[in-house]
Amino acid sequence: MVTERTVSDGGTRVPDEVIHEFGALLGAAALLERIAGRELERRCGIRHAVFEVLLRLSSAGADCPDMGGLAGELILTSGGMTRLVDRMQEAGLVRRRPHAGDRRRHLVELTDAGRAKLDEAMRVHAETLREHFAGPLTDEQRRDLGSALRTLRTTARKELGDLR
């Protein structure tokens with residue numbers, strides 16, 4: 001049985017189950033993020049955000065992204081992205097180079113140390129996700145969840161647009 005409550009937007013009725021399901025999604029994601037972040041920090045010495053940047057840079061290949069493009073992909077402000085890349089450059093994981101067509105922009109690329117750190121972090125992250133994300137689910141549950149999450153991500157990105 002679905003119970004309903006009136007919310008404050010003029011009397012629209014919202015099923016309680018939707019609120020609880022969304023809360024379960026956010027709660028599970030937050031806990032899994034904490035576990036993944038903890039393992040990356042403990043075993044690799046990097047934060048999860050650093051891992052995400054390394055991952056995106058590795059998939060870019062010869063097409064080095066600029067700072068704004070990275071910020072948009074990671075849903076960070078340009079200032080937040082600059083601070084993160086500053087720390088990564090100081091650690092020797094990435095390097096910046098000027099954009100050939102626009103002096104105001106900088107491209108970001110992996111260094112050899114960044115590639116090595118990414119390889120290490122990928123192994124750790126995969127082990128962590130196999131245990132804490134994939135382990136509790138059946139193959140069918142994982143396929144269904146992956147499909148649903150891709151749909152939600154696509155719809156949310158369309159709604160939010162570019163956050164730069």
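Tutor: A residue is buried when its relative accessible area is under 20%, exposed when that area is over 50%, and partly exposed in between (1.4 Å probe, protein chains only). The model here is predicted, so local features need pLDDT of at least 70 and side-chain atom pairs count only at pLDDT 80 or more, while totals for chains, interfaces and linings use all residues. Residues are numbered from 1 along each chain as its sequence is written, and side-chain values use heavy atoms, with hydrogens and water left out.

Student: Thanks! What share of the residues in the chain is buried?

Tutor: The chain has 164 residues in total. The buried ones among them make up 27%.

Student: Why should I be careful in a low-pLDDT stretch?

Tutor: Where pLDDT is low, the predicted coordinates should not be read in detail.

Student: Let's turn to the fold. In what order do the elements of the chain run?

Tutor: Helices (H or I, at least four residues) and strands (E, at least two) are DSSP runs, numbered from the N terminus. The chain has 6 helices and 4 strands. Read from the N terminus on, their order is β-β-α-α-α-α-β-β-α-α.

Student: Is His125 buried or exposed?

Tutor: His125 sits in helix α5. Its relative accessible area is 12%, so His125 is buried.

Student: Which residues is His125 in contact with, leaving aside its neighbours within four places in sequence?

Tutor: Contact means heavy atoms within 4.5 Å. With those neighbours left aside, the contacts of His125 are Ala36, Leu40, His48 and Phe51.

Student: Is Leu93 buried or exposed?

Tutor: Leu93 lies in the loop between α4 and β3 (94-99). Its relative accessibility is 8%, so Leu93 counts as buried.

Student: Which residues are in contact with Leu93, leaving aside its neighbours within four places in sequence?

Tutor: The contacts of Leu93 include Val50, Leu54 and Met88.

Student: How far apart in space are Leu93 and Asp112?

Tutor: Along the sequence, Leu93 and Asp112 are 19 residues apart. In space, C-alpha to C-alpha, the separation of Leu93 and Asp112 is 7.5 Å.

Student: And Arg87: how does its relative accessibility classify it?

Tutor: Arg87 is part of helix α4. Its relative accessibility is 49%, so Arg87 counts as partly exposed.

Student: What distance separates the C-alpha atoms of Arg87 and Val50?

Tutor: Arg87 and Val50 are 37 residues apart along the chain. Their C-alpha atoms are separated by 9.1 Å.

Student: Last one: for the chain, what share of the contacts with a separation of 6 or more comes from residues 24 or more positions apart?

Tutor: This count takes in the contacts of the chain with a separation of 6 or more. Residues 24 or more positions apart account for 48%.
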